[in-house]
Amino acid sequence: MDFPVLSIITFTPIVAALIMLAMPANRKNEVRAVALASASFALILSAWVYFNYNQTAAGYQFIEKYDWLPALGVSLHFGVDGISAPLVLLTGVVMFTGVLISWGDDNPHVMAGIQDRPREFFAFLFILAWGVFGVFVSLDLFMLIFFYEIAVFPMYLLIVIWGWSVTREYAAMKLTLYLLIGSVIALVGALAMYIVQYQNTGALTFDMLKMESAGFSQSFQIIWFLPVFLGFAVLGGIWPLHNWSPDGHVAAPTAVSMFHAGVLMKLGAFAALRVGIMLLPEGAKYWQWLIMAFAAIAVVYGAYIAFVQMDFKYMVGFSSVSHMGLVMLGFATLNRDGLLGSGLQMFSHGAMTALFFAVVGMIYDRAHTRQIPELGGMSKVMPFAAVGFIIGGLVSMGMPLFSGFVAEFPIFMGVWREHWLVAVVCSISIVITAAYIMRNIRQVFFGDLPEKFQGHITDITFLDKVALTTLCLFMIVIGLFPKFMAPMVQTGVDYVLRLLGGS
Amino acid sequence: MFSSTMFASILPEILLLLLGMVILIVEPFWKEEKRRNVGWLTAGGLIASIFISLAFAQPGEPTSALGGMIRFDWFGFFFKMLFMFAGAMTALLMMDHQRLGARGEAYLLLLASLIGMNLMAVSSDLIMLFLSIETASIPLYVLAGFMLGDDRSTEAGFKYLLFGILATTVMLYGFSLVFGFSGTTNLYQLAEMFRVGAITPLAAFGILALILVGLGFKAAFVPFHFWAPDVYEGAPTPVAGFLSTASKAAGYAVLLRLFLVAFPNPSLSAPWTLTLAIIAALSMVVGNLLALPQTNIKRLLAYSSIAHTGYTLIGVVAFTQLGAASVIFYLAAYILTNLLAFGVAMAFSQATGLENLEDYAGLSRRSPLLGLMMLSAFLSLTGMPPFGGFVAKVVVFAAGIQAGYTWLVIIGVLTSVVGAYYYLNALKFVYLRRMPGEDEASHPIPLSRPYALALVALTIGVILIGTIFAPWFNWADAGALNLF
Amino acid sequence: MNFISAHFLSLILFVPSLVAVVMLFLPKDETKLLRWFAFGASLIPLLLSLSVWFQFKAFAPGFQFQERYDWYEAINSSVHLGVDGLSLTMVLLTTLLTPLAILASFSVAEKVKAYMMLFLFLETGMLGVFMSLDLLVFFVFWEVGLVPMYFLINQWGSANRNYASMKFLIYTMGGSLGLLLAIQLLGVLFGTFDLLALTQRWTSLDPDSTLLGMSVSQVKAIAFWAFVIAFAIKVPVWPFHTWLPDAHTEAPTAGSMILAGVLLKLGAYGFLRLILPLYPFEAKIFAGALAFLATAAIVFGAFASFAQTDFKRLVAYSSVNHMGFVVLGIAAAGLASGTNDATIALDGAVLQMFNHGLSAAGMFFLVGVIYERTHTRNLEEYGGLFPLVPVYGGILIFTSFASLGLPGLNGFISEFLVVRGVWPIFTVYTAISMLGLLFTGAYVLKALKNVLHGPMNEHWAHGEHKLTEINAREILVMTPLMVLILWIGVYPAWILDVINKAMMMLY
């Protein structure tokens, strides 16, 4: 309490964004340096929070509370628990690596990374990061939605301005509208909760900790669970509302794809858990079957669609749908194992998919094509990226000793407790994933370098390597030592289970 | 008879009057090329008036003043401050307008209209109300048609005049019926009459419908919105901005006081609020849908302002204190935001003479600052944090849900997504598209000092309302409290 | 020293991986350094496991050298290591074959660093499977071994490697999917993955109760088949064997050695370690089917092998044939668990695993030796090479005979034991598989005839294609194998004792 670390983390990006906007536009490297410095700062602080989180005490920690709009019971109420602390760390990691990747290579033959208006790019990206941090640490429903929306709109600009010129306008608009519809519907639900809790308890407050005991009636929960959960879960890429995600990912510039798939999708999932499941547990139990069905379809269908993609980035995009489906699947189990797995999967998938998009971006920047059949032999020119991608691929396949396994295994255990058929059906995705990951690794990174690429494809930069190493490190450490994260997530899950009535 | 309260209750208007006189006296002495300095004077005077009023004329407990003609309370005071701020900004924005900037009478008309609006916000008597509405409207008819040589401006002036007269007449008819039924014109006495059932609900419904026509015209909600796009497009842009903000808010001020104070009869409210709810829904749907195909930025903003009328109306429909507070808060946020939007449009067309959306291509490269301001304004209109529009929308929606109008709120949120489409689409031109020739660097957009000052002030205001919302909301809430 | 004696198994297990990580920081152009470094490092586990072998008390029941470390507490899984006679034999086989395989790969010239690292990781994966006493960790190592193997085939394999490696991966991953699901099921049911605890609680479940909405017997049947399919693919049991010829044929020489020598044993080990103890009842019911498949593998493997013209493919199919005996022994033990015959059959099966490890690795290596020189594996293109390469010829004949089951060499002992043990249990199947054994002789001799005897193919006698003799390094690879082949053939007691004790105690 003496040191308001969470607000410092949350407001670092926006302060940095304002500083950057105030800098002259042509000082590109200075702008980048400011971005990198503030991202590192945020990363260090979020790591500090992560490692100083007291697991035995559990619950919400590093709590800060300032009245913001007392008349309506809005407060800046920050705190992290075992589920959000890893996500804060993840955001720090992805922000840091995203800046590194976007620094790029301004060699006129390469022009990787962001070379057009980097000042605006980083500023918008950091506004996005501001929103993301805010959602993860907010314990106030109003502020949660406030930050949630902040995380949505910069996306539009980031995609439309720096995205892939072929589809960016379409994709950006589609993405924004999808997410907006989801979030405004969730907003209506949140307001309904706010009003009903006022009627029940007489206290006008958006404080989620108080709302947990607001005594929502069962019928109220059943009515409002779906709008709230699905509204947020749109951003989590839940089937059948996932359609924006692959298009959006493909059109976005590399760092934005990383951020988006790596962190933003977790934002949706996290908010769906925090607001949907934790505040409306009875509704969650009532609709469990539906969420589970959606998630199961996402898992298998996403994997299959990824399998048939010829565009490298689309493949990664659909694989995200599949993997986020696993997160939702874990949520839908509403039991200890499933939720634990989901918590881990959020982190694991975040790091993994950020890495995927980073590598895809590096290749596209240099080869100017993402068509898998046209690529080949990349390990000869960028061996480091190849190794990184392979590690990411192994995580994605759920290979043991990598974080993906540590996350997926409990999810499946949780699903077994609920329904065996779902577990069996979803497990098919593991084989499909292995097939497309391995096929693409082989096609893109091995074999002969096509003639048209020979000579002018350069290796990735040093900063790129730092970014890839950072991401890989987390995936391996968690895979080898689940202790690094599992017990912490466990404390958060126990809290959720208490709200669910100790099931 | 005379008391300090009485003086305080009309201190802002007195100050405005004094300011007008000063302008009248000073203006002829200024040379033609320096005459635009009247704008500085007006703006400065208005801001000074705001501070003086805040210092000396803050209302305490609500009281009647001037023999029951006006009500001296926070509700009116807050609106007055808003109007005057909007007036100051409009004055700044007028300064570099080719046809308005150097004309002292334009500023004078603005002040006259402001006096009318201020009185609208505090009127507690139908006679006073009608007079203030006319005081506010007539200068605006003139301002809308101010550019005599310009066909569109003339058309706008006439259209506004004709629609206005028609609507006011209908409203006046409603007022006369009220007097006929009740024998009083004082709103607070009227409320008492309703409470004892002196007026049958059916008659009250009819009266309200007639009055609604007049106010609906002012606030531009469906189906009384037809004038808005044409007038906004044709009128000088600063005037259009003023019309779409302060003038609209004045309509709402009357609407709130009239409906919440004078007609609180519960037997009346059910069909009445339903009517209002339907109007709100129609405004949101029609405004947003018609905004979609617009290519002219002023027409786009016109339709979007119709849509925003609908959102504001949700708070009125709620018929609660939270609802009233949300309306006031929404209007505050909306005034700043829309003035900013019009201001950007003005600054742009001042420099380029263009006002179609596609002309905005490359704006962020030509002037990053202007681009960011437009971004702030449009995102605030969309209802995105950290800008004022977000909090305003949330509060309005909360009020709607509290009153049980969930369906209306759902229409509201869905249409706001439609809104997001065209706002973001406009931003796409600003940020993504390039000018023909891609030579933005040699086509910068200069911002004169009044523009820069006004726009920066508005941008900061929009962000302040969106981030540190407690003080503004508390004022709005205090104002709302006076109505109950 | 204390540290070493307290952590024997974990040292054996993790030294290869640690070394591989260290290698990451070695310069990648120093191929010689990399090779010797990897080879030297792979000797450490060998020495340690020999030391374990000598300290191992064959008569003591249960698992020895147990170690336990917390791993994934949240779901109650820990790294629990331990060996008994069965796993120790396999550990020894693995630690023996790995240095030999590395030595055999000194001829690999491309991407040496990556190659050696993968090999060392592979060793950890295989050893982990044999040592784990925790079902989840078992699965972890089971899967982990796949990846290096995939890349070994895919990166250093021959022409058709892409197809073969993908097939290998998909087959085995598809197979292990059932295993994964079944392990999850067990974990959910019992809240622990510890093998010892699981075995006890699983077998003592009340058969009339219901689990997850199914009756216990249904659950068990499902889990049983999930396990069986996973292991059957790995062994491979006919008809799940089709990945094997492709993978073996396309893999680099050392890869094939490890594939045939150790990886196939993982499947058989799974049968012995998990299926028989966990599902004695199901094993009894389905033993007949398993025996049928095993017989089919023996017979069809032999036929298929005989039909090959590709030398390596021929050897690959011979693995199907030989592993069939292992499965046959296991099936018999499943049906008649606890009887003397069953124990004999199991002894034979485990010894066969070890023996096949030696001879198959040797055979693949010898195929590799000649392929490196001639760049063909087509049997038609050889012919009468014996006079050109007499030493090679001698070694090849020796190893082939071990594979064929010549008395006096190791193959005979184990196959005899299997047949002896199974005969009273599955008489008909045994009789049929004897027919397969006949064909084993036929294909081995066919290979020998085509390569070494008959009219000499002059192409290899002169000029640039002149066949060179097997070199010292290659002989060094073969020596330990041949010594063991002969030793077990003549005096099997030293190893059979350990196996026999383990089998008696286990079942």
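Predicted model: local features only at pLDDT ≥ 70, side-chain atom pairs only at ≥ 80, totals over all residues.
**Exercise 1.** Work out which elements of chain A form its side towards chain C, and which of them gives the largest share.

*Solution.* Start with the contacts: 30 residues of chain A meet 28 residues of chain C, counting pairs whose C-beta atoms lie within 7 Å. Next, look for elements of chain A that supply two or more residues to this side: they are helices H13 (336–367), H16 (403–418), H17 (420–445) and H19 (486–499). H17(A) has the largest share, with eleven residues. Finally, sort this side of chain A by class: 23 residues are nonpolar, two are polar and five are charged.

**Exercise 2.** Now do the like for the side of chain A that touches chain B, and find the element that gives the most.

*Solution.* Here 27 residues of chain A are in contact with 29 residues of chain B. Two or more residues each come from strand S1 (61–69), helix H5 (141–162) and helix H6 (168–201) of chain A. With 14 residues, H6(A) gives the most.

**Exercise 3.** Turn to chain C and describe how strands S1(C) and S2(C) pair.

*Solution.* First find the strands: S1(C) spans residues 64–72 and S2(C) spans residues 77–83. Their pairing is antiparallel, over six bridges. As one pair to look up, Asp70(C) has Ser78(C) in S2(C) as its bridge partner. Then follow the hairpin: four residues lie between the strands, and Asn76(C) takes a positive phi near 60 degrees. To finish, check the cover of S2(C): six of its seven residues are buried.

Key:
Residues numbered from 1 in each chain as written. Chains lettered and ligands numbered in written order. Contact = placed C-beta atoms within 7 Å. Nonpolar A, V, L, I, M, F, W, Y, C, P; charged D, E, K, R; others polar. Buried ≥ 20, exposed ≤ 12 C-beta atoms within 10 Å, placed from the backbone. Pairing = 2+ DSSP bridges.
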